Each structure stands twice: as structure tokens, then as C-alpha cells.
Amino acid sequence: MKKTSSDLLPDAESLSALLEGRLQDPHSILGMHKGKNGNVLVRVFDPMAESVEIQFGEEFLSRQIMKKIHKDGLFAAEFDSSEFFRYRVRKLFFNGTEFTARDPYSFLPAIGEMDLYLFNAGENRRVYDCMGAHYRTIDETDGVVFTVWAPNAERVSVVGNFNCWDGRREPMRLMGSSGIWELFVPGLKPGEIYKYEIRAKNGDVFTKLDPYAQRTELRPSTAGIVVDSKPFEWSDEAWLRKRSETNIQASPMNIYEVHLGSWGGPGTTPRSGEDDFCNYRELAHALGDYVVKMGYTHIELLPICEHPLDQSWGYQVTGFYAPTARYGAPEDFAYFVDYMHSLGIGVILDWVPAHFPKDSFALGRFDGTALYEHNDPRQGEHRDWGTYIFNFGRNEVRGFLIGSALFWLDKYHVDGLRVDAVASMLYLDYSRQAGEWIPNKYGGNENLDAIAFLKHLNEIAHEMYPGIAMVAEESTAWPGVSKPVYLGGLGFTFKWNMGWMHDTLEYFALDPIYRSYNHGKLTFSLLYAFSENFILPLSHDEVVHGKHSLLDKMPGDYQQKFANLRALYAYMTMHPGKKLLFMGGEFGQWIEWNEKQALDWNLLDYPMHKAMQALVRDLNHFYRENPALWSDDFTPNGFTWLDGGDYRQSVVSFIRWDKAHREPVVVILNLTPVVRDPYTTGVPLPGEWVEVLNTDKSCYGGTDLLNTAPMRTSEGLYHGQKQHITLRLPWLGAVILKPKKV
């Protein structure tokens, strides 16, 4: 091909925009074009290059040196041909290095019109497959496609080590009116570090983490990392199939809540510093084996989405699509979930769509404007938490968040999401004084956009992934949180019972002498227990910030504290609703949880703590083995009071029923340090009854005030039952009874 003479410079306006970093369509002048005389013209822009060569023809063996047509780094070459052809660009730099690859500006857009439409409509259910950074092969060329939404930016470039973080060298193309910028960069591979350099319309230039980055650097570094395109080899097909066929609301669900960075349980390597974390794979084996032994059905992880500050516990998220690098790579987290499934353990993730931090590298003011958040601080800022609130009324923002939720369910096979701070999403005046919030269009305080978002999210998630759990942390009286959308609810599978948690902990913290005056705190939960599909949480929030550990909340001396906690755990296990206990509670952690250090596992060297762990283990297994405790949690048919009004003695007793009403469990709690001997209670069936669990057993740290012999019923109405038995109630203890099997 013979070079001919021509005016190689683009028009003055485009050239000026390119050199000043304002050009929104660099492909319009860079890459291959028809010249004024019909010949092929190629332009390359690289301010750092000393010389540039075009390689073309068979196996790219033909060469042509490009002419530097502008001192700031614009090169051009003209070819005596009217047909476009494939070519490579070889750049030589002043330091003697060189780089050869296909020209990014010689490729058509890698994102299709339908993807653009669905993105702007907020309805792309696999938005994570088209947005972000993806290693792909296009036109027989390997490279990375970068795609980002920044509709108000004047220019967006992808930057990284590959271009010396120079935003002039890889400007991206704005895809029409979609607000999406796109560029395919040949030659890049998985593991490449990158960010987006954005020039705002006011001239400010800054870099941002990719909102859709699926892997990030370990804090304090904040760049995205191109992920490997090779899929993880899963082995949990049977688990997923069984999950989709199971009614989770009528199944046992006993959750161990875990912060991965500070669990530090048996089988893990002790941390030697702030950056010394266990890998997801090591944690999978140690934690998995532990929860199986302890009898839990699920684990719930405090947020593992990437976050910059350890002390936020993961609740101030900057990477909504990236498992935190603290514990390894994405494939390591996939292994973690896969291994848990191999053990029969479900994995629930804490997920935080209510707000996001103001860190300059993240979502806030992403393109120089309030893009993901509202501009008005009365709508867009959470002043209590120092964070921004998502603009749930914007299609692209809803699509971003729904995409994040579906991403974890799809790519990592997780079994559910616990949605944090739902109450703050539902109410426009949440934690605000008069004048600090803007009413909705009807004059009310309901956040209509957030409500619509939550309903849509839950409908899609349950439709696409049957059998998962969508759990709301919601602390108000909002009706129908865990009711289906078609019945007017928000569509969650479960709701945390925050009222039960607060009332119960307040009751158990009382000296027993005052409990008779506060009996309603213990029994009030049964007035609304079947209004929602509740999970009973004793969560991380209750063992921090001066609230004391669960054991240290209990009144009395050393022995009484343990006895009270044993009774509390028995009460939670037998009460209607699924269960959740934060790590450390199972063996009686003395001090509050500290995210900077491991739990005090050395306490298991002391008999009372070892005994407490044994009780929790046995309660968990007993719970799983008895359908009366989980098969009918959410209707009154699964529960019958025997005596909920014995406030003088601080005794409560009730029956839990299975669906068929054939295998009842009778529960009696004596919550004073006074032995009740004899004590008479009604029972639902005639015959012999046996004590199947007693929290006062010596192996649990108690004093062995037991009922070892079967108890035969006597006729006579008692507690609304046609027969009754007499037994002994231990002090500060729980007795669990079942009919004797013939």
C-alpha cells in the first residue's frame, strides 16, 4: 500500500476537543477512516509515544511509520487503498520500551442496542455481564471491554498501569444518549488494575472505581481488577436443585452470624496484624466444619462486598459487585460457598442498598453530579451515618442495585440476602426532624420509589432463584414486610423480629426480683408473632457500643449469669420463628465483639464456657430434629399457650406443634432463682411424658435438678388441657418435654 499526500489533521473543533480531553467520540477521528480523497486514513493519539508504526498485511508483516501531525501526540498515516483492513499499532517510547497491539479505535462498539435500552430502563437482569470490565475475544483479538455509566461527564478514559494512568491515552466513546461510555482495549489481560478518569463539565478531573468492578485491590488501594473470564467449576448442582424444591418457610433455619475477619475459630491461622486475614478457602473448611458440628443450618456473613474501612464492618460499601480482597480472590469466595453447600450449609449475605459512603474514589458525585444519589441533602444524605442515599427513582440506579443482588445469587450461588436498614429506606423522615425531609407527592412520609424498588427486587429474586431467602432488617410496624407483593406486601421471605429481640433482652437483663413486674416483655411477642415471617435475631448489633456481651448482660453472680443465658437460648430456640445468633454467643463471650481481633476461643478452656457451647450445640440439633419447632412457624396452629400469665412466679409454658399435630413439644421456663418443686402443668396428650432437654444439666453447667423418670398424666383440666403432669422446675432454667415413644 502506497502512502499518498492528504490533509491528515481532523477538523479544528474535534482536534481541540481531543487535545483538551473533551472529545466524547474519539472513534470519530481516531482509528481507521476514509480520507478526503477516498483513501484509507489511520490516526493514533498517544502523547507519550516517540514514534508509532502501523503493522498490516499477512501476519502483520508490512510496516509503515506514522507521521506525527501534532506536537501533542497525534500521529497519522494514509494508505493508497479504499478498503479497510486489519492492523496493529507499535508504539516506541522515550524510555526505550515499546508496546504492540490492535488499535482500540478500530473496533465497533462491544455493547448492543438492546443492552443499552435495558440498562436505561433499569431492567437488565444480567447488567453485570455488559457493564464493568470483561476479558473478551473480538475479531480474533484478546482484550478487555470497559463500560461505565457517566451521562454528565465531558470525557471518560480508562486508566491503569498499562497507560501510566494517563487519561489522555485511552478516551472512551459515549454511546449516544445512553450515558454509557465504552472502549475495547486489545492486549489487556485478567489481573490488570484500572480505574476511570472522568472530566466533569466544570473542568474537574478525577478518578473513580468502576461501580461494576467484580474484583478490587486490597484496601487502602482502591482500583478495580479485571477478573478471569474462566468460570469457577461448581459442584453444588444437587444443593441448588434441592433448594429450589424446598419451602424454606416450613424448614429448619438456624443461622450463625459471622464476621469473617474476626471469627478466628478452630482450624484458622491466628492473625498477626491488621492485614493478616485468613483466605476464604481456609475459612470455608474451619467455619464449615464448626457450624456442622454445632448444628446450624445457615451462616450469615456480615457484608463481604468491598469496603474501605474495617471498622464499618462492611456496611459502607464501595464495591457492590466485588467480594472483599481481604480474604482472597473471587474464585476463593466461590470455593467458600461451594464448600458450604457440600456440607449442607446455606450462605446468606448481608447486603446494603440503603446508602453508600462519600469516599471520593467511589459512587458519590460519580460524574461530577449527584448520579447515584439525590442532589438535595434532604433526600440524598444520611446525616447520622455520614453517607449518601441511593436515588431509587432513577431507572439506572435501580438496575445497578437489582443487578448487584442478582449477581451474588447468580455468580456465587448464595442462598439469600439479608437487606440492611430497610426502615431507613421506607421512610422519607427516617431519623430527620421537621424541615429536614421532603414529603412524597401525596404529602406522606413513605418513600414510594424505595417501596417500588424493594417490591420489584423481591419479585425478580424469588422468580429467578426459587428457594432463596430475602430477609429484611426492619424495625418498624410497616405492614406486610414478609408478605407477597401480590397480597400487598413488600415481598421479603422473612423479617427480623427486632421487637422480640429488644423486649427479650430487656427482660433477661432484669434482676429476677423485678421480672414479675415486667412479665409482658417476655410474652408480648406472641401477640404479633404470626403477623410476619419472623427470624429471631441475637445479632452483632446487640454486643457492641457499650451494650455488653450477651453473657455480661445477664444479672446475678457468675453461676446465675450462665443459667440466665442458658434459659434465654432455650427460649429463643422454642419460640416461633427462625433463629439467628452472632458468633461468640454460643460459648459465652465475656467482652463485647471487636472487629480487630478474634473471638476469645481460649474461654473454651474453662468448664462453664465449654458447657455453654455444648448446650447451644444440643439445642441446635434438637431444633433440627423436631418439626414442631419449625414446620409451622408462621401460623397460630403451631403454638399454644399453656400458661403465659404466671407473672408471680415468672414461669411461662407453651406447646409447639408440628403441621400434623402429632408430635408436640412442651416448653416450661422458670425465670427466677427459685426451684419449683412440685410444679403442675397441663399437657396436650395422655400417657407418659419424658424430659428431653433441661438447661440445668451438669454437662451444661447446671446443678442437675432434673426429671429423670417418665411422668404419667393424670386426668383433670389444667392449663386448658384434659390431663396434666407434675414435675420439678430448676432455678433459672428451661425444661423441654415430649410424649414418650412407645
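Student: Which residue of β13 is the bridge partner of Arg173?

Tutor: A strand here is a DSSP run of E with at least two residues, a helix is a run of H or I with at least four, and both are numbered from the N terminus. Looking across from Arg173 into β13, the bridge partner is Glu182.

Student: What kind of model is this?

Tutor: Residues are numbered from 1 along each chain as its sequence is written, and side-chain values use heavy atoms, leaving out hydrogens and water. Local features need pLDDT of at least 70, side-chain atom pairs count only at pLDDT 80 or more, and totals for chains, interfaces and linings use all residues, as this model is predicted.

Student: Which strands stand at the edges of the sheet, and why is one side of each left without a neighbour?

Tutor: Two strands pair if DSSP finds at least two bridges between them. This open sheet has four strands in the order β9-β10-β13-β12, with antiparallel pairing. Each edge strand has a single partner strand, so one of its sides has no neighbour in the sheet; these strands are β9 and β12.

Student: Which residue of β25 stands opposite Trp351?

Tutor: β21 has parallel pairings with β18, over four bridges, and with β25, also over four bridges. On the β25 side, Trp351 stands opposite Val419.

Student: Are α14 and α15 roughly parallel or roughly antiparallel to each other?

Tutor: Axes are lines fitted to C-alpha atoms, for helices over the stretch in contact (heavy atoms within 4.5 Å), and angles run from 0 to 180 degrees between N-to-C directions. Helices α14 (558–574) and α15 (607–625) pack at about 10°, with axes 10 Å apart. Angles under 35 degrees count as roughly parallel, over 145 as roughly antiparallel, 65 to 115 as roughly perpendicular and the rest as oblique. The two helices are therefore roughly parallel.
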